[in-house]
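My entries follow the sequence and structure.

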4 protein chains.
Amino acid sequence: MTTPTTPLRVTVWGENRHEQVEQHVAERYPTGMHGAIAEGIGENLPDAKITVATMDMPEHGLTEEALEQTDVLTWWGHAAHAEVSDEVVERVHRHVLAGMGLIVLHSGHWSKIFTKLMGTTCTLRWRSEHDQELVWTVNPQHPITRGVPNPIVIPEQEMYGEYFDVPTPDELIFISGFTGGEVFRSGMTYRRGFGKVFFFSPGDQDFPVYHHRDVRRVIANGVEWARPERERETPTLLRYETGQYFQGADYEGALER
Amino acid sequence: MTTPTTPLRVTVWGENRHEQVEQHVAERYPTGMHGAIAEGIGENLPDAKITVATMDMPEHGLTEEALEQTDVLTWWGHAAHAEVSDEVVERVHRHVLAGMGLIVLHSGHWSKIFTKLMGTTCTLRWRSEHDQELVWTVNPQHPITRGVPNPIVIPEQEMYGEYFDVPTPDELIFISGFTGGEVFRSGMTYRRGFGKVFFFSPGDQDFPVYHHRDVRRVIANGVEWARPERERETPTLLRYETGQYFQGADYEGALER
Amino acid sequence: MTTPTTPLRVTVWGENRHEQVEQHVAERYPTGMHGAIAEGIGENLPDAKITVATMDMPEHGLTEEALEQTDVLTWWGHAAHAEVSDEVVERVHRHVLAGMGLIVLHSGHWSKIFTKLMGTTCTLRWRSEHDQELVWTVNPQHPITRGVPNPIVIPEQEMYGEYFDVPTPDELIFISGFTGGEVFRSGMTYRRGFGKVFFFSPGDQDFPVYHHRDVRRVIANGVEWARPERERETPTLLRYETGQYFQGADYEGALER
Amino acid sequence: MTTPTTPLRVTVWGENRHEQVEQHVAERYPTGMHGAIAEGIGENLPDAKITVATMDMPEHGLTEEALEQTDVLTWWGHAAHAEVSDEVVERVHRHVLAGMGLIVLHSGHWSKIFTKLMGTTCTLRWRSEHDQELVWTVNPQHPITRGVPNPIVIPEQEMYGEYFDVPTPDELIFISGFTGGEVFRSGMTYRRGFGKVFFFSPGDQDFPVYHHRDVRRVIANGVEWARPERERETPTLLRYETGQYFQGADYEGALER
């Protein structure tokens, strides 16, 4: 009864640059990294309606209409963060605050949209040297951990390590350990406005991580978790008379901002 | 031994507009609202070195040099948020992430610097109708609550109510209740980068709240709590070789951001 | 696909003493307070299988078998907390840590099971004088807030106020304001072991709060949220050899505890 | 001015059994593990008044008088958790809730006092095989991290790994990584009642960890952080009339608990 009856609408956004420039990436991900991500979501959420959008589409494929039709957006970018249009970033930000879910993957930690939502530098330590990554569950009651082993074993991965300059998460779900001894808060949730954000760090252009069964399951779990609870609506500043709880007046202070 | 031996350097920033335009505000706060805030900090922290800066000073009084000499900055603005220069906001933001403490007061909830640090709209419900505000302590072990009664009774105040669109705080310290039945998370801390942020909502141009003894004490407690723990330094993204933990290399990925 | 297909099994536990001793309570709640609570859950979760258990049943109706067949337990007690058997409390505690959901209602704040899970006194301030209670949502993205207005208006209620001596919640969902100016963290979640706990304070023997449509909806939302994610299993202390991640050995240290 | 002027009174509690039974422990810690812990605190907090108490003293050295004279208690136990008297545990618990600070070290994770304060099993995975432990700071603004490198390098240590069955901490400060790939939340704070609790996992009878300079500094930082903010006082349940905020009546409900 309380389960939503409409299909979940997911937009998988991919930068799609490494795939064009580096042959080994194109071979590892023949349909693009976004293609592998979309495939993994579809395997786990067969009823979801999944759309792919990439950097080189008009408005990066993230028009107002596209976002209105998106319940949850996944974001992978790396080499071209700086090329993402500020206008599109503002638009995505507005939709997240109004309720759209957002899944930020791996190097998306340094994207404009993630740093804008976090308010911090989102920097970290890194090394791409075939470390093994073990992804340990520290919040086993969380729906995002459904159906995955503890730990998830990723044979080869880029190392991401602390200090990761992000706000304290609402929920810390996974911590990764790497061969070199580094640790990383690799799965974290944040509430921003009326939207839910899940950051999940496994995934890289140089390793076949988005073909990993457990990584795919976590991403799909995150998508399902981030689904909005209510109609899209932007938080507003309103005046309420004494005794008036449900209808504020549309006056926003001495000066318009 | 572990107590810092240098005086705490505080900069009190005031918008200083209501005081110019509205006579009742000028009478309530003869040295400006910033004057009353600075006085309250000085009463409680007599060894602190306190400087005042206002909107109409060059660069709003917040030059690079001024911020380098500031351990903790307090911020009160309201009518002229939009006039604060984006360049100064970027500068303050950089200093907070590098370790400078920040105390955001009352209508500062909608300032550019606070919304940039939070990543959300920071909107709320409000009414200025002489509500009584009771400020209840919900974290009695926190140093910010030292020496104040529970509740703090403010006879007349502007109402600020939920939903307050901010991220989940690191620490919820005070919750206010108003005559009209509204509630508000009125004292909250956030860690951002290497800096500490304290938001405290009591305080308004239309009521003598910054002359209130307990409000003054809380602000001073917050200033003391927000003092940096270490030398100012911006979090960075660096590569670390295997086995190398303390000196990363200054290479920041495939493309500069 | 990821939605559980088996019916949700709920046990509603009621102390059932006020109903026997005070006629006005018996009239307000003709099927007992537990009856009203069970009815409210059934209205909102028609597929759930709901069982009622009360203090005067053998083992308070909470045998090992009964708990094994319970996904989520709701708890209302007040006058007879001290009469609840320590053995039953240990049993419920073990089941919560192993994954059973627990909803603690109103005066259950001072029950043996809640104080044992919290580790604190769980004391508060109170007054039963017909205060109006407004229940404000501060976490609008949370599934427990689905379908209820902000605020929920409860015309008459017992006042519960801060300081409420409980640990910082994992999620603060509701804050209540009362006519007298008091505030209370009235909806909070806690993860304990593999189980989820939701405390919700509205509800009293002296007022018809469990007939309130929105209160019923919140309780049902809480039940649905607290549903276990995995098979019941108690966290254990185990030794793992180097390189062995999935099967620990059954040796628990120098001395058995 | 706001710095307390009285000396900080610390009681270092040690089980003192391994030192009696195992020669290599006695050689590693000639004054006992408690002796090394006390020495490390004294080095870093020379003005503190430090007392040692051990299991075999009457009432374990933790009489009512001793606890009244203690601002912060540190706890190390392992082999004989079961021998600690329940009466003493109740007494320590009461003092923590009333404001006494508590530092729980290493195998103290499974002590009666820690599990009572947490409400969970406090179990974990472990292995004592000379793993290197790297202790990474994830909360660099916290006073407990003052003066220690990131990471702290401990050449040989027992491995403690996730899932560590404790409540979500108020503050996660350190995460450790081990040679075997395991990770552990090794520094965490909890507020319980009016007291502050810090759990710090490095430290073992089989390795000279309490002679490690950085480990000593962290423990001393923790002691300083956990110092009470106010007079010792137990949270209570009291009735407050309407408009009465500061003096509740000593009536505790329909039935005494």
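With which side chain does that of B:Arg17 meet in a salt bridge? I found B:Glu83, at 2.7 Å from N to O. I count a salt bridge when a side-chain nitrogen of Lys or Arg lies within 4 Å of a carboxyl oxygen of Asp or Glu. B:Arg17 lies in the loop between β1 (9–14) and α1 (18–21) of chain B, and B:Glu83 in the loop between β3 (72–76) and α5 (86–97) of chain B, so the pair ties together parts that are 66 residues apart in sequence. Helices (H or I, at least four residues) and strands (E, at least two) are DSSP runs, numbered from the N terminus.

Notes on the model. This is a predicted model, in which local features need pLDDT of at least 70 and side-chain atom pairs count only at pLDDT 80 or more, while totals for chains, interfaces and linings use all residues. Residues are numbered from 1 along each chain as its sequence is written, chains are lettered from A and ligands numbered from 1 in the order in which they are written, and side-chain values use heavy atoms, with hydrogens and water left out.

Next, chains A and B. I find 53 residues of chain A in contact (heavy atoms within 4.5 Å) with 53 residues of chain B. The two chains bury about 4,300 Å² between them, 54% of it on carbon and sulfur atoms; this is the accessible area (1.4 Å probe) lost on putting the two parts together, summed over both.

The salt-bridge count between chain A and chain B is 2. I looked up A:Arg239 and B:Glu129, whose side chains meet in a salt bridge of 2.9 Å, N to O. The elements giving two or more residues to the side of chain A that touches chain B are α5 (86–97), α6 (112–118), β5 (125–137), β8 (183–192) and β10 (238–239) of chain A.

I also checked strand pairing, for which DSSP must find at least two bridges between two strands. β10(A) is joined by 2 bridges to β5 (residues 125–137) of chain B, and the strands run parallel. A:Leu238 stands opposite B:Arg125 in β5(B).

Last, chains C and D. Superposed by least squares on the C-alpha atoms of residues with pLDDT of at least 70 in both, chain D can be laid on chain C with an RMSD of 0.0 Å by a turn of 180° and a shift of 0.0 Å along the axis. That is the relation of a two-fold axis. 100% of the contact residues of chain D recur in chain C, so the same surface serves both copies. Of the residues of chain D, D:Gly119 comes closest to the rotation axis, at 2.8 Å (C-alpha).
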